[in-house]
Amino acid sequence: MSLLIVEDLDLWYGEKKVLHGISFELGEGEILCIVGESGSGKSSILQSVMGLLPPQARLSGRILFRGTDLTELSEGERRRIRGRDMGMVFQEPSSYLDPLFTVGSQIEEAYRSHFPEDRSSREKAIEAMRRAGIPRAEEKFGMFPHQLSGGLKQRVCIAVSIVCQPSLLLADEPTTALDVSVQKKILQLFRKLREEGKSILLVTHDFGVVAEVGDRVIVLKEGRIVEEGDVFRVFDRPSHDYTKLLLEAI
Ligand SMILES: Nc1ncnc2c1ncn2[C@@H]1O[C@H](COP(=O)(O)OP(=O)(O)OP(=O)(O)O)[C@@H](O)[C@H]1O
Ligand SMILES: [Mg+2]
């Protein structure tokens, strides 16, 4: 059975409808990429799955995670799942770090909030930093966000998202601010997670990233899925004019 099934998702912000009948499935150990122009609704899909929509948002449809419809859960039940069973790398992640706490303590806290009894939270945090491609992780553990470059902060946020080893990772342009060699490390991490049976929903505007790690891809336009398929098929024989246009642009 699929880990995640999104069924006929509609989303409004106030009067404005921004997602129209979005349906897709994500299997275990699969990487599904979402591409599409700015404003097409990519982040809105991830926020719907994560349960982090702003108050003015209204949603209909079903979001089944391991068979449970997330839209029917209470906020408390969602909070237990969020971070532990599904992690998220936010677009512009730096704004999610607290300037007053060291990055290490923030990663540790993300772990401790779900596993308060586990004494190894510090080791778990450092391990997550290493996996996220942070060199000399122990040294960086005690630093504050402003002492780190944008690329390092981005990797700290990736560490936060994976520290509980969630089975689903939602990643919104996770490699955009990173230089090529660091980007390679993150893509390696994603492949490693897939090998471990984890599933990833990956938003990117970079077809190079799609080609490197994607199993399947969804193309969004104005809140609608205009194309969906195996990455190789879509690259080889895009069926929608909009996909052709996106592919021609690279
Ligand atoms: N909090 C919000 N309130 C009202 N409208 C919003 C809100 N967030 C997003 N929107 C609108 O919803 C639509 C989809 O936005 P979304 O951020 O999901 O797009 P995106 O594909 O992630 O774009 P980008 O590539 O620029 O990140 C846009 O028209 C956007 O203006
Ligand atoms: Mg976005």
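## Terms and model

Axes here are lines fitted to C-alpha atoms, for helices over the stretch in contact, and angles run from 0 to 180 degrees between N-to-C directions. On that basis, helix H10 (residues 241-248) runs at about 105° to strand S9 (216-221) and lies across S3, S9 and S10. The model is a predicted one.

UniProt, in an unreviewed entry, places the feature "domain: ABC transporter" at residues 4-247.

## The six-stranded sheet

An open sheet with mixed pairing is formed by six strands, in the order S6-S7-S8-S3-S9-S10. Strand S6 (86-89) and strand S10 (224-230) each have a single partner strand, so each has one side without a neighbour in the sheet. On average, neighbouring strands are turned by 15° against each other, direction ignored.

Within this sheet, strand S3 (residues 31-36) and strand S8 (residues 199-203) run parallel and are joined by four bridges. Isoleucine 31 stands opposite isoleucine 200 in S8. S6 and S7 also run parallel, again with four bridges, and glycine 87 has leucine 169 in S7 as its bridge partner.

Although S6 is at an edge of the sheet, both of its faces are covered. Met86 and Met88 are buried on one side, and Gly87 and Val89 are buried on the other. Helix H6 (residues 150-162) lies across S6 and strand S7 (168-172), and runs at about 170° to S6.

## The four-stranded sheet

A further open sheet has four strands in the order S2-S1-S4-S5, and its pairing is antiparallel. Its edge strands are S2 (16-26) and S5 (68-69), each of which pairs on one side only.

Seven bridges connect strand S1 (residues 4-13) with S2 in the antiparallel sense. One pairing across these strands is that of leucine 9 with isoleucine 22 in S2.

## Helix H3

Helix H3 (residues 103-112) is largely enclosed by the rest of the structure, because seven of its ten residues are buried. The buried residues are Val103, Gly104, Gln106, Ile107, Glu108, Ala110 and Tyr111. They pack against helix H4 (121-131), helix H5 (137-141) and H6. H6 is also the helix that lies across S6 and S7.

## Proline 99

The loop between S6 and H3 contains proline 99. Is this residue buried or exposed? A residue with 12 or fewer other C-beta atoms within 10 Å of its own is exposed; proline 99 has 8 C-beta neighbours inside 10 Å and therefore counts as exposed.

Leaving aside residues up to four places away in sequence, proline 99 touches Phe144, Pro145 and His146. Aspartate 179 is 80 residues from proline 99 in sequence, and the two are 24 Å apart in space, C-alpha to C-alpha.

## Surroundings of ligand 1

Which residues surround ligand 1? They are Tyr13, Val18, Gly36, Ser38, Gly39, Ser40, Gly41, Lys42, Ser43, Ser44, Pro54 and Gln91. By class, this shell divides into three nonpolar residues, eight polar and one charged.

Helix H1 (residues 42-50) supplies the largest share of the shell, three residues.

Conventions. Residues are numbered from 1 along each chain as its sequence is written. Chains are lettered from A and ligands numbered from 1 in the order in which they are written. This is a predicted model: local features need pLDDT of at least 70, side-chain atom pairs count only at pLDDT 80 or more; totals for chains, interfaces and linings use all residues. Two strands pair if DSSP finds at least two bridges between them. Helices (H or I, at least four residues) and strands (E, at least two) are DSSP runs, numbered from the N terminus. Two residues are in contact if their C-beta atoms, placed from the backbone, lie within 7 Å. A residue is buried if 20 or more other C-beta atoms lie within 10 Å of its own, exposed if 12 or fewer, and partly exposed in between; C-beta atoms are placed from the backbone. UniProt positions are given in the numbering used here, feature names are shortened, and annotations may be inferred rather than shown by experiment. A residue is near a molecule or strand if its C-beta atom, placed from the backbone, lies within 6 Å of it. Ala, Val, Leu, Ile, Met, Phe, Trp, Tyr, Cys and Pro count as nonpolar, Asp, Glu, Lys and Arg as charged, and the others, Gly among them, as polar.
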